Amino acid sequence: MTDTVDKTPAPSVPPEQIKAIPVRHYGRWVSGVVVVALVVLIGIAFSNAKINYSVIPDYLFDQGIVAGAWTTLYISVLAMVLGVVLGVILAVMRLSSNPVTSTVSWFYIWFFRGTPVLVQLLLWYNIALVFPILNLGFYKDEMNQVMTPVLTALLGLGLNEAAYMSEIVRAGIQSVDEGQTEASHALGMTQGQTLRRVILPQAMRVIIPPTGNEFINMLKTSSLAYAVQLPELIKKATDISSTSLAVVEMYFVACIWYLFLTTIFSIVQYYIERRYARGSSRNLPPTPLQRLRKNLARWGSFRRPEVAR
Amino acid sequence: MSSLAKDITPPSSGAPMVKAEGVHKSFGLSHILKGIDLEVLPREVFCLIGPSGSGKSTFLRCINHLEKISAGRLYVDGHLVGYRQHGDKLYELKEKEVAAQRRDIGMVFQRFNLFPHMTALENVMEAPIQVKRESRATARERAQRLLDRVGLGDRAGHYPSQLSGGQQQRVAIARALAMQPKLMLFDEPTSALDPELVGEVLDVMRDLAEDGMTMIVVTHEMGFAREVGDSLVFMDDGVVVESGHPRDVLTNPQHDRTKSFLSKVL
């Protein structure tokens with residue numbers, strides 16, 4: 001017998017599992033204790049402060065506050081829509097080979113990014129000093145009649161936002177590989193078709209996270225519109241505090257609403273990001289909801305045999 | 001297997017499909033193409049070889065006007081590429097007119113350049129719907145047939161990131177064919193692939209050649225050039241050094257530069 005190699009497979013003995021003593025993370029315990037101690041101390045300080053916490057629940061769903069929160073939400077959404085639409089246009093103009101459009105875009109961004117948004121709001125508020133009469137040909141009125149607080153806030157916040165959004169969109173467009181444009185052109189698609197069908201959908205992945213950031217900023221920046229008499233959350237809170245004498249308490253109420261709105265939007269953003277991640281990673285991680293459902297299912301399947309017994 | 005022949009637009013005459021007359025191309029101070037003269041006949045498989053930086057990819061990109069030529073004349077199917085001539089004056093074509101010229105010229109890139117946000121099927125359907133205004137049903141039917149033809153019918157719903165390099169390149173070929181081009185340009189289609197995946201792409205290209213497609217192929221695959229090519233051009237430093245039938249050039253090169261290049265790659 002020349003072939004001495006044993007062809008029979010080795011009996012499958014399960015390998016001995018490693019049972020090692022894990023590394024001790026003493027630092028984590030120490031820092032955890034420090035953090036808890038600090039939180040407790042701050043908590044004690046706040047609870048001993050001369051703040052009448054008991055009025056906060058009373059005003060949380062006050063009619064004026066709820067109306068103010070609603071105004072904050074819709075002015076933010078409208079200003080953001082204006083900002084995104086105008087921002088995309090400005091970004092495309094900025095990247096255009098046409099020197100007129102790219103220069104116009106450059107100056108727009110230069111001005112609206114370079115001056116405080118509060119000043120811009122006040123300028124729109126006083127636009128009647130420059131154009132006392134609005135004459136669109138088919139429509140003519142005094143400017144002071146036209147520029148309601150809502151329109152003033154919308155223009156002031158939206159046009160300012162457009163300058164920031166255009167830079168975000170530009171970064172997104174430039175992040176898409178040039179080969180994509182070439183492939184699209186080689187297929188006979190025009191510049192516009194390439195932008196709409198190929199470039200922007202891919203740029204969205206880069207555009208969305210900072211845009212979410214911008215929107216959350218907008219929810220809070222919209223409080224500046226109280227200077228132009230917009231009845232948003234801060235204005236309403238201030239109005240109430242001037243009669244109820246609960247000044248700081250009303251700001252706490254406003255903060256709770258801001259936190260609520262930003263939390264809701266963070267969740268929305270998470271799902272929008274997933275939508276535009278299509279094709280980029282082989283398997284998307286499950287959403288919290290899917291994870292919960294899966295865990296419940298697993299739990300259920302563990303329990304069932306016991307029930308059967 | 002169904003033939004691709006019905007997706008090939010027959011050339012309008014027996015005249016050359018591509019004709020280059022003294023084509024030059026410069027990027028700033030660097031002179032890439034220094035007077036290229038050549039003719040590609042209909043139904044011909046025309047291979048371009050040469051060291052990197054010799055200008056072969058640049059020349060290919062000039063044919064569908066991804067690059068503008070600096071001097072000379074370049075014709076595809078009898079039409080000047082990128083310009084219109086009236087008397088002795090040249091007028092630049094508008095963006096839409098350039099796009100219209102490119103419709104009939106398919107291009108396959110070294111790095112595939114599939115649209116990553118679309119499935120394989122959507123990649124192939126996109127241009128016919130957007131450019132030719134085809135109905136979704138018509139485009140889908142042809143796209144599915146082309147994917148079947150390149151052996152990826154069962155991968156239609158996959159995104160490019162879920163496909164291997166060879167599969168992606170075959171989808172890219174199907175995408176170019178969906179526009180029913182009369183000329184196909186291949187820019188080093190197998191250079192970015194793992195060696196074991198090269199064969200599947202070359203097989204598809206060989207089938208395409210057998211179906212009578214006019215093809216210009218920039219390649220380092222000398223075996224493919226010898227077996228499938230009808231003409232071969234060796235380029236170096238922006239000029240055509242040697243041309244002829246692939247068998248002759250590859251086995252019996254006349255020029256020293258060709259000899260030394262081939263001795264390194266064969």
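1. Ground rules first. In this predicted model, local features need pLDDT of at least 70 and side-chain atom pairs count only at pLDDT 80 or more, while totals for chains, interfaces and linings use all residues. Residues are numbered from 1 along each chain as its sequence is written, chains are lettered from A in the order in which they are written, and side-chain values use heavy atoms, with hydrogens and water left out.

2. Which residues lie nearest the centre of the largest pocket? They are Leu95(A), Thr181(A), His185(A), Gln191(A) and Glu95(B), out of 28 lining residues. (On a 1 Å grid over the protein atoms alone, a pocket is an open set of points where a 1.4 Å probe fits, with protein on both sides within 12 Å along at least five of seven lines; lining residues have an atom within 4 Å of a point.)

3. Helices are DSSP runs of H or I with at least four residues, and strands are runs of E with at least two, numbered from the N terminus.

4. Now for chain B, which has 9 helices and 12 strands. Its radius of gyration (taken over C-alpha atoms) is 18 Å, close to the 18 Å from the globule rule (2.2 Å times the number of residues to the power 0.38) for 266 residues, so chain B is as compact as a globular protein of that length.

5. The C-alpha trace of chain B spans about 50 × 50 × 35 Å along its principal axes. Of its 266 residues, 56% are buried, meaning under 20% relative accessible area with a 1.4 Å probe, protein chains only.

Definitions and conventions: Buried means under 20% relative accessible area, exposed over 50%, partly exposed in between (1.4 Å probe, protein chains only).
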